[in-house]
There are 2 protein chains.
Amino acid sequence: MKVGIVGLGLIGGSMAIDIKRRGFADEIIGVESDPVNAAAAVKIGLADRVTGLQECLEQSDIVVLSVPVGAALKMLPEVLDAFSRMKAEDKVVIDVCSTKEHLTRAVKYHPCRSQYVATHPMAGTEYSGPWAAMSGLFDGNVCILCDSEESSPKAVRKVEQLYDVLNMRAIYMNSSNHDVHTAYVSHISHITSFALAQTVLDKEKDEKHIFDLASGGFSSTVRLAKSSPDMWTPILVQNRDNVLRVMDTYIEKMQSFRKAIEESDEDAIRELIEDANRIRRIIR
Amino acid sequence: MKVGIVGLGLIGGSMAIDIKRRGFADEIIGVESDPVNAAAAVKIGLADRVTGLQECLEQSDIVVLSVPVGAALKMLPEVLDAFSRMKAEDKVVIDVCSTKEHLTRAVKYHPCRSQYVATHPMAGTEYSGPWAAMSGLFDGNVCILCDSEESSPKAVRKVEQLYDVLNMRAIYMNSSNHDVHTAYVSHISHITSFALAQTVLDKEKDEKHIFDLASGGFSSTVRLAKSSPDMWTPILVQNRDNVLRVMDTYIEKMQSFRKAIEESDEDAIRELIEDANRIRRIIR
């Protein structure tokens, strides 16, 4: 199997490593618009070769769009157009983006829609670029397949095999629910981390203090604030309405804490913390 | 050296393990008001024996108050009173609490003030109780010594040796600065985590979804939300003014994000994320 990977960053690169190493792909054909990243990806060995998009589409059995969601939105119809022109009915394209409604809507009536499988492997680190790629990134995590009834069963099966090789557990959801749930569980955590980093950098003028005191839990809470603006700007715009709703609830919770602390109301503070502690049941 | 540890939870218990194992203490004399925790601490081997407070004070060379800061505020003057009654000029007491101004103010004019060293080892996990104690908890982290000029040089030296055995790097600060900096870097991260947990639990009614999607960065951001209300309620009350100031800045940052997202203003979102990304310079 030849797998084309468009975007050899953290996600695309990590996928390339493990599907090649574990025998799912015989050859990885990379596409990478940034020349430095392209050279690095070849040097590191993420791709067997780097080509233009057209050549990659012609030669790959599966194409993985692992680019920020704004770019994916532009490329996905072009890829399906190319499949149509090539009469390549067995080729499959997947995306790995964090928002799904805009993407699936953009190709809903495309004659080759059934060759597209919308996927979201829930894995990552706060780093990006080919240097950040690593083996095992996906192992043990969940991959969401969206609107899979709109893809051909054959395409879905192929993609399930790919994620099985990555040791991911597939779950199924429609795009609209996907975007709601990722706003609740993933997107909001990034925003709270960004705001936390900004706050601490603003208030604490002495970087040495931040470094010294970071072991008090700060570094894990702020980890996501290192995430890439290229990736996160389009996610937050595309998932705007869901994200705003969860932000409003979050700001209300902060205000309740603020009020309880301002009033030195120990009972109220304790109740709020105990309410938050319910998360222990779910996250080990 | 006999070390008395009052409160055999995460911090006291972890300290007990390593100062005994590494030869700083010949004997650990524990005090633990909760009978279940006391029995567990002996069974796990955190303390050689568990006694009443009075017996512990009589027999220990150094006494560690590792109880929540509300309890420490009550006990610290009692310990110094006991030292005074015993004419035990060589005994030393330390606390390990996360706020310092109230504590140091409470004993500022105590005749035995110089036998007290205010310390804050910046280490911990989100778990609590004797079961959470572990070897190596403090290794490589910072310990803040507050107002050390008000302690006798001999007492300070003894305490520096203790933290050196725990592989901690000592830094020195006055109590008031300590409380400002910990509000900025540590206390705010706990509040943002508590509010995040509450938000996700409120919005996401299906716990299975939280579990499945948590690998998207949520679990590290929400980790601190498992922290104990017994420990955190008094910290937030005692450090109220500093905490409120940093919360206000934080809520402003969240509002800026909210506005940029509401307006789908990609440039503004990108700028906010890039501003947050400055944290990369400081936290690896």
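**Group meeting talk: a two-chain predicted model**

Let me start with one helix. In chain A, helix 1, residues 10-21, lies across strand 1, strand 2 and strand 4 (62-65), and it runs at about 165° to strand 1 of chain A.

Which order do the strands of chain A take? The order is 3-2-1-4-5-6-7-8, in an open sheet of eight strands with mixed pairing. At the edges sit strand 3 (49-50) and strand 8 (169-173) of chain A, and each of these pairs on one side only. For those new to sheets, strands pair through backbone hydrogen bonds, either parallel or antiparallel.

Take one pair as an example. Strand 1 of chain A, residues 2-6, pairs with strand 2 of chain A, residues 27-31, in the parallel sense, and five bridges join them. If you want to find one on screen, go to Val3(A): its bridge partner in strand 2 of chain A is Ile28(A).

Helix 6 lies across strand 4, strand 5 (92-95), strand 6 (116-121), strand 7 and strand 8 of chain A. Its angle to strand 6 of chain A is about 25°.

Next, chain A as a whole. Its secondary structure comes to twelve helices and eight strands. The C-alpha trace spans about 70 × 40 × 30 Å along its principal axes. A compact globule of 284 residues would have a radius of gyration near 19 Å, and chain A has 21 Å, which agrees.

Chain A is divided in two: domain 1 covers 2-174 and domain 2 covers 178-281. The centres of these two domains of chain A, taken over C-alpha atoms, are separated by 31 Å. Where they meet, 15 residues of domain 1 of chain A are in contact with 15 residues of domain 2 of chain A. On the domain 1 side, helix 4 (69-86), helix 5 (101-106) and strand 7 (142-146) of chain A each supply at least two residues. By class, that side of domain 1 of chain A has five nonpolar, seven polar and three charged residues.

On to chain B. Here too there is an open sheet of eight strands, in the order 3-2-1-4-5-6-7-8, with mixed pairing. For chain B I will show another pair: strand 1 (residues 2-6) and strand 4 (residues 62-65), which pair in the parallel sense over four bridges. Val6(B) has Leu65(B) as its bridge partner in strand 4 of chain B. Helix 1 of chain B, residues 10-21, lies across strand 1, strand 2 (27-31) and strand 4 of chain B, at about 165° to strand 1 of chain B.

How are the two chains related? A rotation of 180°, with 0.0 Å of shift along its axis, superposes chain B on chain A at an RMSD of 0.0 Å. The two copies are therefore related as by a two-fold rotation axis. In chain B, the C-alpha nearest that axis belongs to Thr221(B), at 2.1 Å. The same surface serves both copies, since 100% of the contact residues of chain B recur in chain A.

Last, the contact between the chains. It takes 81 residues from chain B and 81 residues from chain A. Which elements of chain B give two or more residues to the side that touches chain A? They are helix 7 (175-203), helix 8 (207-213), helix 9 (218-222), helix 10 (229-238), helix 11 (240-262) and helix 12 (266-277) of chain B. Helix 7 of chain B gives the largest share, 21 residues. Sorted by class, the side of chain B that touches chain A has 42 nonpolar, 22 polar and 17 charged residues.

Note on methods
Residues are numbered from 1 along each chain as its sequence is written. Chains are lettered from A and ligands numbered from 1 in the order in which they are written. This is a predicted model: local features need pLDDT of at least 70, side-chain atom pairs count only at pLDDT 80 or more; totals for chains, interfaces and linings use all residues. Two residues are in contact if their C-beta atoms, placed from the backbone, lie within 7 Å. Ala, Val, Leu, Ile, Met, Phe, Trp, Tyr, Cys and Pro count as nonpolar, Asp, Glu, Lys and Arg as charged, and the others, Gly among them, as polar. Two strands pair if DSSP finds at least two bridges between them. Axes are lines fitted to C-alpha atoms, for helices over the stretch in contact, and angles run from 0 to 180 degrees between N-to-C directions. Copies are superposed by least squares on the C-alpha atoms of residues with pLDDT of at least 70 in both. Domain bounds come from an automatic or database domain assignment. The radius of gyration is taken over C-alpha atoms; the globule rule is 2.2 Å times the number of residues to the power 0.38.
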